[in-house]
Structure formats: structure tokens, C-alpha cells
Amino acid sequence: MEAIIILPAVLITFYCIIELFVHRRERLMLIDKLSQNQSFDLSKLNSFQGSDGIFSGLKIGCLLCGLGLGFLTTFILNIAFQYAIDNSFHLRGTLSIACVLTFGGIGLIVAYLIEKRK
């Protein structure tokens, strides 16, 4: 039984160490290329910002509204199907996660559509 826990822990640790060295080499190569090319704009590296960062607030707002709608939908569905879902706790958890992620994704899609329109 202990081998079931120990083996994945060892494998994940080994993977993280290898990944650390690979990313270090990639970062060093990126720094070297950036030092050779002085005309590169460092603000392009931040992918969360839209054009000049004016839509970052919109993205965060739409994401939070979507998550709020997901929680509200979960609450309403739990009340509506209280007797059907009462004996099944894992079904409630699955419903909660599904609603929150779905509405959060819809919120980001709405933010993308608004940003594309402008």
C-alpha cells in the first residue's frame, strides 16, 4: 500500500527536477536572444494584457461574474434537486465544479468577444 504512494511521489520529484533544468536552459537562451536584439518590446511578453492593458479589468470582471453565476446556478440546482441529490455527495461536488467552470469559461468568452468588437 505504501508503494502506491511512494512511487508517484518519487516520479513527480524526478520530473520536477528535470523540468527545472530544462526551463533554466530555456530562460538562459531567451535572455541571450533578448540581449542580442535590443529592439524587442518586453511588454509583449505579458499575454494577460490586451492591447495596452485596457481589457485586463474586463477579463477579470467577466471571469468573476461568470464564477458568481456558476455558484448561483449550483445553489439553485441544489435546492431544486435537493431530494434527488441528497444521498449522493459526489454528485453535488461534480455539479458545483461543472457549473463554476462552465460559467467562468463563458465569462472569458464574453470578454474575448467584447475585446474583439472594439
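Student: Which residues form a nonpolar patch on the surface?

Tutor: First, the idea: patches are made of residues with over 30% relative accessible area and no salt bridge, where like charges are joined within 9 Å and nonpolar side chains (Val, Leu, Ile, Met, Phe, Trp, Tyr) within 5 Å. Here the patch consists of Leu69, Leu72, Phe75, Ile76 and Ile79, which together have about 500 Å² of accessible area. Such areas come from the Shrake-Rupley method with a 1.4 Å probe, and for residues only the protein chains shown count as cover. Take Leu72: its place is in helix 2, and its relative accessible area of 45% makes it partly exposed. The scale runs like this: buried is under 20% relative accessible area, exposed is over 50%, and partly exposed is in between (1.4 Å probe, protein chains only).

Student: What should I know about where the numbers come from?

Tutor: This is a predicted model, so local features need pLDDT of at least 70 and side-chain atom pairs count only at pLDDT 80 or more, while totals for chains, interfaces and linings use all residues. Residues are numbered from 1 along each chain as its sequence is written, and side-chain values use heavy atoms, with hydrogens and water left out.

Student: Where is confidence lowest, and where is it highest?

Tutor: pLDDT is the predictor's confidence in each residue, from 0 to 100. Where it is low, the predicted coordinates should not be read in detail. For this protein the mean is 77, with 76% of residues at 70 or more. Helix 3 (residues 82-85) has the lowest confidence, with a mean of 66, and helix 2 (residues 56-80) the highest, at 84.

Student: How many helices and strands are there?

Tutor: Both are DSSP runs numbered from the N terminus: helices are H or I with at least four residues, strands are E with at least two. This protein has four helices and zero strands, so the order from the N terminus is simply α-α-α-α.

Student: And what share of the residues is buried?

Tutor: Of the 118 residues, 14% count as buried. The protein exposes about 9,800 Å², and 70% of that comes from carbon and sulfur atoms.

Student: What does Leu63 touch, leaving out residues up to four places away in sequence?

Tutor: Contact means heavy atoms within 4.5 Å. By that rule, Leu63 touches Gly104 and Leu108. Leu63 lies in helix 2 and is partly exposed, at 29% relative accessibility. Its C-alpha atom is 9.0 Å from that of Ile109, 46 residues apart along the chain. Across the protein, 57% of the contacts with a separation of 6 or more are between residues 24 or more positions apart.

Student: How many salt bridges does the structure hold?

Tutor: A salt bridge is a side-chain nitrogen of Lys or Arg within 4 Å of a carboxyl oxygen of Asp or Glu. The structure holds one: Lys59 pairs with Glu115, with the closest N and O atoms 3.9 Å apart. That pair links distant parts of the chain, as Lys59 is in helix 2 and Glu115 in helix 4 (residues 89-117), 56 residues apart. Lys59 is buried, at 17% relative accessible area.
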